[in-house]
Amino acid sequence: MEANGLGSQGFPELKNDTFLRAAWGEDTDYTPVWCMRQAGRYLPEFRETRAAQDFFSTCRSPEACCELTLQPLRRFPLDAAIIFSDILVVPQALGMEVTMVPGKGPSFPEPLREERDLERLRDPATVTSELSYVFQAITLTRQQLAGRVPLIGFAGAPWTLMTYMIEGGGSSTMAQAKRWLYQKPQASHQLLRILTDALVPYLVGQVAAGAQIIFAKDGHFALEELAHAGYEVVGLDWTVAPKKARERVGKTVTLQGNLDPCALYASKEEIGRLVQQMLDDFGSQRYIANLGHGLYPDMDPEHVGAFVDAVHRHSRLLRQN
């Protein structure tokens, strides 16, 4: 999340503000593009940088986070950077142990099981001081970006974090977390309040002012509500038809998305065709191009580059017509 691009707070003046102008609904010369998880394992330089230390140790190093954030911008003409971090640093800051298990993903050795387990959590007011390393990474990265593009910050929503803390890791059904909703409604509200009270100052700490982006996976049932929630940008996953989404949210918010990430397994020519169709469906303004979810570790960086280049090329052609 970027302040105002005017060289405020001692940061370098922003040179490419296309992403911000699209977020604010202003006309742009082309469609800006970035990718969720663009700083990730699909890049060999990312794997090389990360080889020396475990995942969450990397998250706690502002210098490493800055380097990983900048890597994709050295390869691709992206219109925004997103800070390298993880949504689960918040449960960590609340006192829960989280490890990254190779081949499995994040794991909580002692997940929340009973209401009394909430007593183990730290006061949410301490989270911002616990996560000072994230703020340091953002400040360092803003300086190292030298105004090239805006920097996006992020956090996981309370429900997302709650599911991890109760399930003990990722879950396709979220059955244990939903069990809490039905069997422990008071404790569920308490946990969601703790997370909300931690997340609000955490996000405020990431930015002074600027554009906010909300991305709700499988949130197609609530598009109208999301559009009126006060965000400048609503991100769509790949299950939502762009034209239908625009009809439902109107022209007062910017939409972001939503190419199926697996489309990047296609040929470069097919990626170009799919991008052209996506741009035609979303329209040339009030739109930020992205995938409908994050990049996968086995994706070819050249195909990511083909996606970025196709967005820039086709969107410029669209504006000429």
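Predicted model: local features only at pLDDT ≥ 70, side-chain atom pairs only at ≥ 80, totals over all residues.

Student: Okay. How many salt bridges are in the whole structure?
Tutor: A search of the whole structure turns up ten.

Student: Why would such side chains pair at all?
Tutor: Side chains of opposite charge can pair when their charged atoms come close.

Student: Give me an example. What does Arg248 form a salt bridge with?
Tutor: Its partner is Glu224. The closest N and O atoms of the two are 2.9 Å apart. Arg248 sits in helix H12 and Glu224 in helix H11, so this pair ties together parts that are 24 residues apart in sequence.

Student: How accessible is Arg248?
Tutor: Arg248 is partly exposed, at 33% relative accessible area. Glu224 is partly exposed too, at 30%.

Student: And Lys268, which residue does it pair with?
Tutor: Lys268 bridges to Glu302, and their closest N and O atoms are 2.9 Å apart. Lys268 belongs to helix H13 and Glu302 to helix H14, so parts 34 residues apart in sequence are tied together. Lys268 is partly exposed, with 39% relative accessibility.

Student: What about Arg273? Where is its partner?
Tutor: Arg273 forms a salt bridge with Glu270, with 2.8 Å between the closest N and O atoms. Both are in helix H13. They are three residues apart, which means about one helical turn separates them.

Student: Are Arg273 and Glu270 buried or partly exposed?
Tutor: Arg273 is partly exposed, at 44%. Glu270 is partly exposed as well, at 29% relative accessibility.

Student: New topic: helices. At what angle do H8 and H9 cross?
Tutor: Roughly 105 degrees, and their axes come within 8 Å. H8 covers residues 158-167 and H9 covers 175-183. Angles of 65 to 115 degrees count as roughly perpendicular. H8 and H9 are therefore roughly perpendicular to each other.

Student: Which residues make that contact?
Tutor: From H8, they are Trp159, Met162, Thr163, Ile166 and Glu167. From H9, they are Ala175, Gln176, Ala177, Lys178, Trp180 and Leu181. By class, that makes seven nonpolar, two polar and two charged residues.

Student: How many residues of H8 are buried?
Tutor: Seven of its ten, so H8 is mostly covered. Among the buried ones are Leu161, Tyr164 and Met165. The buried residues of H8 pack against helix H5, strand S3, H9 and helix H10.

Student: What follows H8?
Tutor: Gly168, with a positive phi near 90 degrees.

Student: What is the phi of Ala146?
Tutor: Near 55 degrees, a positive value in a residue other than glycine. Ala146 is in the loop between helix H7 and strand S4. It is partly exposed, at 32% relative accessible area.

Student: Now the inside. Which residues touch the most other members of the largest nonpolar core?
Tutor: Val90, Leu94, Leu131, Met165, Leu191, Leu264 and Phe307. That core has 82 residues. H10 gives the most to it, with seven.

Student: What does Leu94 contact?
Tutor: Leaving aside neighbours within four places in sequence, its contacts include Leu121, Val127, Met165 and Ile194. Arg120 and Arg122 are also among them.

Student: How many residues are in the second core?
Tutor: Twelve, and it is separate. Leu20, Ala22, Ile152 and Ile288 are included.

Student: Last stop, strand S7. Is Gln256 buried or exposed?
Tutor: Gln256 lies in S7. It is buried, with a relative accessible area of 2%. Beyond its neighbours within four places in sequence, Gln256 contacts residues including Phe19, Trp34, Ile288 and Asn290.

Student: Where is the cis peptide bond?
Tutor: It runs from Gly257 to Asn258, with omega near -15 degrees. Asn258 is found in S7.

Definitions and conventions: Residues numbered from 1 in each chain as written. Heavy atoms only, no water. Axes fitted to C-alpha atoms, helices over the stretch in contact; angles between N-to-C directions. Helix = DSSP H or I, 4+ residues; strand = E, 2+ residues; numbered from the N terminus. Parallel < 35°, antiparallel > 145°, perpendicular 65-115°, else oblique. Contact = heavy atoms within 4.5 Å. Nonpolar A, V, L, I, M, F, W, Y, C, P; charged D, E, K, R; others polar. Buried < 20%, exposed > 50% of the residue type's maximum accessible area, 1.4 Å probe, protein only. Salt bridge = Lys/Arg side-chain N within 4 Å of Asp/Glu carboxyl O. Core = buried A, V, L, I, M, F, W, Y, C linked by side-chain atoms within 4.5 Å.
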